[in-house]
Amino acid sequence: MGDAIVESLTQVFSFQSLVLMLVGVVVGFAVGILPGLGGAVTLALMLPFTTGMEPVQAFAFLLGMLSVTATAGDITSVLFGIPGEATSAATVLDGHPLTKRGQAGRALGAVLSAASLGSAIGAVVLVLAIPVVRPLVLSFGPAEFFALTMLGLTFVVALSSGNMLKGFIMAIFGVLVAMVGIDPQEGVPRYAFGELYLWGGIGLVPLVVGLFGGAEVLQLMLSKQSIAREDVAARDFSGIGQGVRETFAHWWLVIRSSAIGVGVGMVPGVGGSVAQFLAYGHAQQTSKHPEEFGKGSIEGVIAAGAVNAKESGSLIPTVSFGIPSGAASAVLLSAFLIVGLDPGPDMLTKHLPVTLSMAWVVILANFVAVAVSFLLIRPLARLTHIRGTYIVPVLIMLLVVGAYTASNNFADVLVMLAASAFGVVCVRWNWPRVPFLLAVVLGSIAERYLFLSYSLYGLEWLTRPPVLIIALIIILTVVRPLLRNALRRRAEQDTPQKTGARS
C-alpha cells in the first residue's frame, strides 16, 4: 500500500498531469459559475480529448474538472441566489440571505473553506474505504435504497419546523411533479396532457434555476435595489476571514456533513443534491439555533459546502465494481474503458496507484479552485452592491442560458419562468421550497425502488433489518421536532404564569 501511495503521488505531480489538472480546473470553474450546463454534460463533451492519454493524466483532467464544478457553483448560489449546479441548491438557502445582509464575504469564506475540507476528508475516506466497501454496498438492495429515499424526504419535511404541514404538502406536490413523464413500469405517459415535451419529465436544471435563482431575480427586479441592502452597502469584505474561522470552529459539523456526502455519494442513483439537503437537514436538527436556518445561518452554509466530499464517495462503487452512482460517475466509467481499465478487482490490486491518484487529484483540484475563488471573492462580492436595474438583465440572461443549455429545448425556458413565478409565490406566502425540490429529485427514484422492492420480495421487504433501522430513524426524525415545538409552546405558556405569580 505504501509503495502504491508513493507511486500515485509521483504520477500526479508529473508535469503533464499537473498541467492537465489545471486545465480541467479552469474548465470546471467556468462551468460551475455558469448555471445549467452541469459537470456530467461537460465531462461527456471533454471525454473524446482523453483518447491516447495515460490513465492518471486522463483522470487528472476529468476529475480536476468535475471536482470543482460544485465549488464554483456555490459562488453564484451565495452571491445571486442562482445555483451554478443542481448540487449547489442548498447553498442558496442561507448563503444568499447572508449576502442580502451584506455578509457575502463571510458566506463565501465559510462555504469555500468547508468545501476544501470536505473534499480532503472525502478523499481520505476513499483511500481507506476502497478495500472494504464492496461487501457493504452489495448488501444493499432496492428495499434499502427506497428506505433511504424516504429518509431523505423525511429530513427535508422536518426542515420546515413550525410549518411541517406546509412542508408535507409541498413534498406531496413535488412527488406529483416527479411523476410527470413516461411511466417506467407501464410505458405510458402520465400527466403529459398531450405535450411531447412532458413525456421526458420536467427537467431538474430549469426547475432549480427558476425556483431559486429566478425567484430572487424577480424580487430584485421589483425592489429596484441592489442584492445587498443599501444600509449595509458600505461594509467591506473583511468577513472572509471570519467565515473561514467559523468553519474551523464548527469542525465537527464539517466532519459529519462530509460523512453524509461520502455515504450518499456511494448510493447509486441518489445524487449530490440529495446529499446536500440531507446534510443541511441534519445540521438544522442538531443546531442550537434551528430558527436561523433559511434566514442566514452560517451552519447551514458550512453543512452545504462540506458535502463536497460526495465526489469521492461516488468514486467508491464506480472503482470497486463498476456501478456508477450518478450521471457524472457513468461518464467517468466510460473514461475507464477509453484508457483501457476495467473497474473491479484490478483497480484495487494491479492498478491501485491509478485508483489512489484519483484521491490526490480531488484534493489538489479543490484546493486550487478554492485558492482561485478566494482571490476572486472581493471583486465578485462587489457585484452584489450594483443597483438591480443594471445587474438584472445580466442575471436574466444567465437564467435563460442556464435553463436552455440543459437540453437545448426552449420549453425548458418556459419551465424556468413558471418555476420562477412559483418561487415568488412561495416566498410571498412563506411556503417552503426545499421540500418541493427534494421531492422532485427523489420522487422518481423512490418509485423505481418501490416497484423493484415489491417485485423481488413482495411485502417481505418491509421486514428486512436495514429497512427497519432506517424506518426507526424516520420516526425519530418526525417525532423530535414535534416534541421540541410542544416543549417550546409549554415553556412560553408557563413564562407568563410565573411572571404573573411574582407580581
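Predicted model: local features only at pLDDT ≥ 70, side-chain atom pairs only at ≥ 80, totals over all residues.
Student: How many salt bridges turn up in the whole structure?
Tutor: Three. One joins the side chains of Arg106 and Glu246, at 2.8 Å from N to O. That pair links distant parts of the chain: Arg106 is in helix H6, Glu246 in helix H10, 140 residues apart.

Student: Is Arg106 buried or exposed?
Tutor: Buried, because its relative accessible area is 14% and the cut-off for buried is under 20%. Glu246 also counts as buried, at 16%.

Student: What does Glu144 pair with?
Tutor: Arg464, with the closest N and O atoms 2.8 Å apart. Glu144 sits in helix H7 and Arg464 in the loop between helix H20 and helix H21, so the bridge ties together parts 320 residues apart in sequence.

Student: And how accessible are Glu144 and Arg464?
Tutor: Glu144 is buried, at 1% relative accessibility. Arg464 is partly exposed, at 22%.

Student: Which residue does Arg190 meet in a salt bridge?
Tutor: Glu447, at 2.7 Å from N to O. Arg190 belongs to strand E2 and Glu447 to helix H20, so parts 257 residues apart in sequence are tied together. Both residues are buried.

Student: New topic: H19. What caps its N-terminal end?
Tutor: Asn409. A side-chain oxygen of Asn409 lies 2.9 Å from the backbone nitrogen of Ala411.

Student: How far apart are the end C-alpha atoms of H19?
Tutor: 28 Å. H19 has 19 residues, so at 1.5 Å a residue it should span 27 Å, which agrees.

Student: Which H19 residues are buried?
Tutor: Among them are Ala411, Val415, Ala419 and Cys426.

Student: What happens just after H19?
Tutor: Asn430 takes a positive phi of about 60°.

Definitions and conventions
Residues numbered from 1 in each chain as written. Heavy atoms only, no water. Helix = DSSP H or I, 4+ residues; strand = E, 2+ residues; numbered from the N terminus. Expected span 1.5 Å × (residues − 1). Buried < 20%, exposed > 50% of the residue type's maximum accessible area, 1.4 Å probe, protein only. Polar contact = N/O pair within 3.5 Å; in protein donor to acceptor, adjacent residues only side chain to side chain. Salt bridge = Lys/Arg side-chain N within 4 Å of Asp/Glu carboxyl O.
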